[in-house]
Amino acid sequence: MSKKILVLPGDGIGPEIVVEALKVIKRLQDDFGLDVELQSGLIGGCAYDAKGQPLPEETLLLAKEADAILLGAVGGYKWESLDISVRPEKGLLGLRSGLELFSNLRPAILYPQLASASTLKADVVSGLDIMIVRELTGGIYFGQPRGIKTLDNGERQGFNTLVYSESEIRRIARSAFEIAMKRDKRVCSVDKANVLECTELWREVVTDAVSDYPEIELTHMYVDNAAMQLVKAPKQFDVMVTTNMFGDILSDCAAMLTGSIGMLPSASLDANGKGMYEPIHGSAPDLAGKNEANPLATILSVSMMLRYSLGETKMADRIDSAVNQVLDDGIRTYDIFTGGLTKVSTSQMGDAVTAAL
Ligand code: NAD
């Protein structure tokens with residue numbers, strides 16, 4: 001039976017980059033027998049405009065029925081002044097929590113062809129291959145109570161809550177250990193256990209959970225040091241596991257090591273391997289409509305989808321090889337262009353990958 005993919009282009013550059021990923025899927029369907037059925041839906045600002053909410057009921061329903069979800073990006077200037085409860089980003093958070101997509105995999109891989117596109121020295125980043133496993137449905141982004149209140153003296157006070165239960169910590173730790181078992185078997189857990197009780201518990205539970213994985217080498221690092229080490233000696237890391245907010249920040253930092261945020265895919269998985277796949281970047285309103293954005297992060301998200309949710313490893317390998325081929329051929333969007341190569345648009349990059357397939 002065909003596997004169902006729900007496609008959610010979203011806002012800004014979302015629709016432009018998703019179209020390129022769809023060209024790749026179509027080529028795999030036409031020429032290599034990929035058996036998938038595509039559906040589409042609204043999320044984010046465009047959903048708010050059409051339906052009055054960033055995550056319409058029908059989108060959540062389609063997402064629950066799908067085997068995997070491909071998302072572009074959400075958000076933009078137009079919706080910034082809306083009440084926080086209906087802002088585009090709420091749609092994304094709602095989808096992640098509604099589907100219990102608690103494990104966010106964010107690889108930071110430096111393609112050797114792009115070593116000179118990184119802001120760090122080539123010898124510091126060449127060969128870089130880190131997997132950041134970010135907890136996605138808990139922590140301070142979801143904790144209650146939260147809000148802005150007015151104190152007795154008339155001053156306003158903003159507050160959020162960092163909260164993790166033992167079971168939430170244990171399942172993300174196990175997810176990281178499972179991934180590390182397929183890699184170099186080294187996991188660095190990142191916390192702020194010297195200051196935050198919540199992450200003191202995090203460290204205790206992660207340390208306990210590793211006893212089921214005797215082959216894993218587990219280390220711990222405070223988040224401030226981890227940020228420093230990521231730019232100082234990033235190749236020391238294999239898998240990093242951390243909380244929602246720390247992972248959000250560290251993965252953008254790791255992204256830049258690779259040359260461009262436009263290169264990095266991500267997967268958000270539930271306990272059964274169902275997942276949502278999206279580039280790690282946002283809707284880049286500064287690029288929207290210009291046909292300049294790099295679609296490779298979205299195309300590589302399709303590769304991750306085939307690998308992690310659809311069991312189509314060979315098809316995923318085909319996409320990875322095609323992307324490598326295109327980079328070998330010197331084809332670059334503006335964000336990874338370093339001169340002496342061929343500068344292409346979003347759609348030309350999608351065509352080049354499709355041709356390389
Ligand atoms: P962003 O990731 O959209 O952009 C940051 C910078 O990276 C910009 O200079 C942009 O031009 C560049 N960039 C992003 N994607 C690129 C690509 N594919 N190719 C080349 N360059 C690229 O982050 P931001 O500017 O902080 O946020 C813009 C909007 O996106 C906001 O509304 C934010 O809330 C939203 N956002 C959405 C997601 C998501 O949908 N998952 C993630 C982050 C931010």
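Me: How far apart do the C-alpha centres of domain 1 and domain 2 lie?

Reply: The C-alpha centres of domain 1 and domain 2 lie 24 Å apart, where domain 1 covers 1-102 + 270-357 and domain 2 covers 108-259, bounds that come from an automatic or database domain assignment. This is a predicted model, in which local features need pLDDT of at least 70 and side-chain atom pairs count only at pLDDT 80 or more, while totals for chains, interfaces and linings use all residues. Residues are numbered from 1 along each chain as its sequence is written, and side-chain values use heavy atoms, with hydrogens and water left out.

Me: How do you know that domain 1 is in contact with domain 2?

Reply: Contact means heavy atoms within 4.5 Å, and 17 residues of domain 1 are in contact with 18 residues of domain 2. The area buried between the two domains is about 1,600 Å², with carbon and sulfur atoms giving 63% of that area; buried area is the accessible area (1.4 Å probe) that two parts lose on being put together, summed over both. Of the area that domain 1 buries against domain 2, R96, F102 and I280 supply 36%, more than any other three residues.

Me: Why is the pair E100 and R171 called a salt bridge?

Reply: The definition asks for a side-chain nitrogen of Lys or Arg within 4 Å of a carboxyl oxygen of Asp or Glu. The closest N and O atoms of E100 and R171 are 3.3 Å apart, so the pair qualifies as a salt bridge. Across the interface of domain 1 and domain 2 the rule finds one salt bridge, whereas the structure holds 18.

Me: What separates D30 and K26 along helix α1?

Reply: D30 and K26 are four residues apart in helix α1 (residues 14-32), which means that about one helical turn separates them. Their side chains meet in a salt bridge, at 2.6 Å from N to O. The helix itself is a DSSP run (H or I, at least four residues), numbered from the N terminus.

Note on methods: Helix = DSSP H or I, 4+ residues; strand = E, 2+ residues; numbered from the N terminus.
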